[in-house]
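Let us walk through this structure step by step. Keep the sequence beside you as you read.

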Amino acid sequence: MVKEGITLYIPAFNAEKTLSTCLEGVFRQTRQPDEILVIDDGSSDDTVHIAEKMGVRVVSHQNNKGIAASRNTAVRESSYSLIANLDADVVPRPDWLEKLLEALDE
C-alpha cells in the first residue's frame with residue numbers, strides 16, 4: 001500500500017566524491033522528504049557506506065544495471081505516492097522540494 005507523502009531517490013554509481021554533499025543538501029530542505037532512498041547501482045567505492053552512515057535507506061544492485069534500472073528499482077521500493085529524483089552530483093537549493101511540491105499543487 002502506497003502512503004501519501006514523498007519519496008526522494010538518488011541513483012548512485014561510484015558516487016563517493018559527491019554523495020555526502022548531495023545528502024547534506026537534502027537534509028537542509030525546508031520541506032523534508034518522507035523517505036530518502038539511495039539506489040546503489042553496483043558501486044565499487046564507498047557509496048553504500050556513505051549513504052548508510054548518513055542514515056538513509058540503501059537499495060543495492062549487485063552489479064551495474066544502468067540508470068533506467070535504478071529508476072525502476074526506486075519506483076518499486078518507494079513507500080509514498082509522490083516520487084522525486086535527484087542526481088548524486090547535485091546540491092539542491094534549500095527550498096527545492098518545497099517549490100517542486102508547490103508547483104504540483106498549482
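Helices (H or I, at least four residues) and strands (E, at least two) are DSSP runs, numbered from the N terminus. This is a predicted model, in which local features need pLDDT of at least 70, side-chain atom pairs count only at pLDDT 80 or more, and totals for chains, interfaces and linings use all residues. Residues are numbered from 1 along each chain as its sequence is written, and side-chain values use heavy atoms, with hydrogens and water left out.

Start with the sheet. Strands of a sheet pair through backbone hydrogen bonds, either parallel or antiparallel. Here four strands form an open sheet in the order β3-β2-β1-β4, and the pairing is parallel. Two strands pair if DSSP finds at least two bridges between them. The edges belong to β3 (57–61) and β4 (80–85). Each has a single partner strand, so one side of each is left without a neighbour in the sheet. From one strand to the next, the twist averages 25°. Axes are lines fitted to C-alpha atoms, for helices over the stretch in contact, and angles run from 0 to 180 degrees between N-to-C directions.

Look at one pair of strands. Strand β2 (residues 35–41) pairs with β3 in the parallel sense over five bridges. S60 in β3 is the bridge partner of D40.

Next come the charges. Side chains of opposite charge can pair when their charged atoms come close. A salt bridge is a side-chain nitrogen of Lys or Arg within 4 Å of a carboxyl oxygen of Asp or Glu. The whole structure has five salt bridges. One of them joins R57 and E35 (3.2 Å, N to O). R57 lies in strand β3 and E35 in strand β2, so the pair ties together parts that are 22 residues apart in sequence. E35 is buried, at 11% relative accessible area, while R57 is partly exposed at 33%. Buried means under 20% relative accessible area, exposed over 50%, and partly exposed in between (1.4 Å probe, protein chains only).

Another salt bridge links E102 and K99, with the closest N and O atoms 3.9 Å apart. The two are three residues apart in helix α4 (residues 96–105), so about one helical turn separates them. K99 is partly exposed, at 46%. Salt bridges that share partners join E35, R57 and E77 into one network.

Which charged residue is buried yet has no salt bridge? It is D40, in strand β2. The nearest side chain of opposite charge, K65, is 11 Å away. For this count, Lys and Arg are positive and Asp and Glu negative; His and the chain ends are not counted. The side chain of D40 does make a polar contact with the side chain of S60 (3.4 Å). A polar contact is a pair of N or O atoms within 3.5 Å; within protein, one must be able to donate a hydrogen and the other to accept it, and residues adjacent in sequence count only if both atoms are side-chain atoms.
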